[in-house]
Amino acid sequence: MRIYLPSTFPGLAEALDSGGLGEPPLTAFAVTERLAGPHGAQDDEELEYEALSGAAEASLRLLAADPSAPRRRAVLAVEAPDAAVGPPGDRAGHPAAVAVIGTLPLKRVAAVHVDAPAAEDAVAAAADGAAPGGEGGPLEEHELLWYATQELPYLLGRS
């Protein structure tokens, strides 16, 4: 199952250093029945984008809790075994929310999505509550960029 795990640049560094994606339970986002609706009629790509967007919003909340983190959203796209993912429980605020209930090694990461450096001011405004993060806000102009997992050291300035 493809899940989207919100993170920050310090979180990415920790994952790279430890070889794992943190201790469960973790909140992630995926294409769920709640997201697809009762008829599941939406396009699969649209549903994946909604799940990714939910993780990007959660990344903003992580940034708000860590003022020292670089102001760039980060989301890990992870291929998780079904047994490692469970219902969201009290994390059910977003229809794509799921709980990661098993440990996930870094090798399960399929891709990394992060903001370009040019988005830092908009991300800072959204994370610090000075501007809305969603539609109509400063982040509307900024899409997350896709990086291969091999580029993670480069993103973190370790190459």
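Me: What relative accessibility does H142 have, and is the residue buried, partly exposed or exposed?

Reply: This is a predicted model, in which local features need pLDDT of at least 70, side-chain atom pairs count only at pLDDT 80 or more, and totals for chains, interfaces and linings use all residues. Residues are numbered from 1 along each chain as its sequence is written, and side-chain values use heavy atoms, with hydrogens and water left out. Buried stands for under 20% relative accessible area, exposed for over 50%, and partly exposed for what lies in between, with a 1.4 Å probe and protein chains only. H142 therefore counts as partly exposed, its relative accessibility being 22%.

Me: Where does H142 lie, and which residues does it touch beyond those up to four places away in sequence?

Reply: Helices (H or I, at least four residues) and strands (E, at least two) are DSSP runs numbered from the N terminus, and H142 lies in the loop between α4 (120-127) and β7 (145-147). The C-alpha atoms of H142 and V123 are separated by 9.1 Å, although these residues are 19 apart along the chain. With contact taken as heavy atoms within 4.5 Å, and with residues up to four places away in sequence not counted, H142 touches R73, D115, A118, A119 and A122.

Me: Which residues of α4 are buried, and which helix is among what covers them?

Reply: The buried residues in α4 are A122, V123, A124, A126 and A127. An α-helix has 3.6 residues a turn, so residues three or four places apart point the same way. Just after α4, G129 takes a positive phi of about 80°. As for the cover over the buried residues of α4, it includes helix α3.

Me: What is the distance between the N and O atoms in the salt bridge of D115 and R73?

Reply: A salt bridge is a side-chain nitrogen of Lys or Arg within 4 Å of a carboxyl oxygen of Asp or Glu, and a search of the whole structure finds four of them. D115 and R73 are buried. Their side chains meet in a salt bridge with an N to O distance of 2.7 Å. This pair links distant parts of the chain, D115 being in the loop between β6 (109-114) and α4 and R73 in the loop between α3 and β3, 42 residues apart, while the distance asked for is 2.7 Å.

Me: How many residues apart in sequence are the parts that R71 and D128 tie together?

Reply: R71 forms a salt bridge with D128, whose closest N and O atoms are 3.2 Å apart. R71 lies in the loop between α3 and β3 and D128 in the loop between α4 and β7, so the pair ties together parts that are 57 residues apart in sequence. R71 counts as buried at 11% relative accessibility, whereas D128 is exposed, with a relative accessible area of 52%. The separation in sequence is 57 residues.

Me: Which strands hold E79 and R2?

Reply: The side chains of E79 and R2 meet in a salt bridge, at 2.6 Å from N to O. This pair links distant parts of the chain, 77 residues apart, with E79 in strand β3 (residues 74-79) and R2 in strand β1 (residues 2-7). E79 counts as partly exposed at 31% relative accessibility, and R2 is partly exposed with a relative accessible area of 29%. The strands asked for are, for E79 and R2 in that order, β3 and β1.

Me: Is V114 buried or exposed, and what is its relative accessible area?

Reply: The place of V114 is in strand β6. Leaving aside neighbours within four places in sequence, V114 is in contact with several residues, including F9, L12, R73, L144 and Y147. V114 and L76, 38 residues apart in sequence, are 8.7 Å apart in space from C-alpha to C-alpha. V114 is buried, with a relative accessible area of 0%.

Me: Which residues is P81 in contact with, leaving aside its neighbours within four places in sequence?

Reply: P81 is found in the loop between β3 and β4 (85-86), and it is partly exposed, with a relative accessible area of 30%. The C-alpha atoms of P81 and G102, 21 residues apart along the chain, are separated by 8.9 Å. Once neighbours within four places in sequence are left aside, P81 is in contact with L104 and R108.
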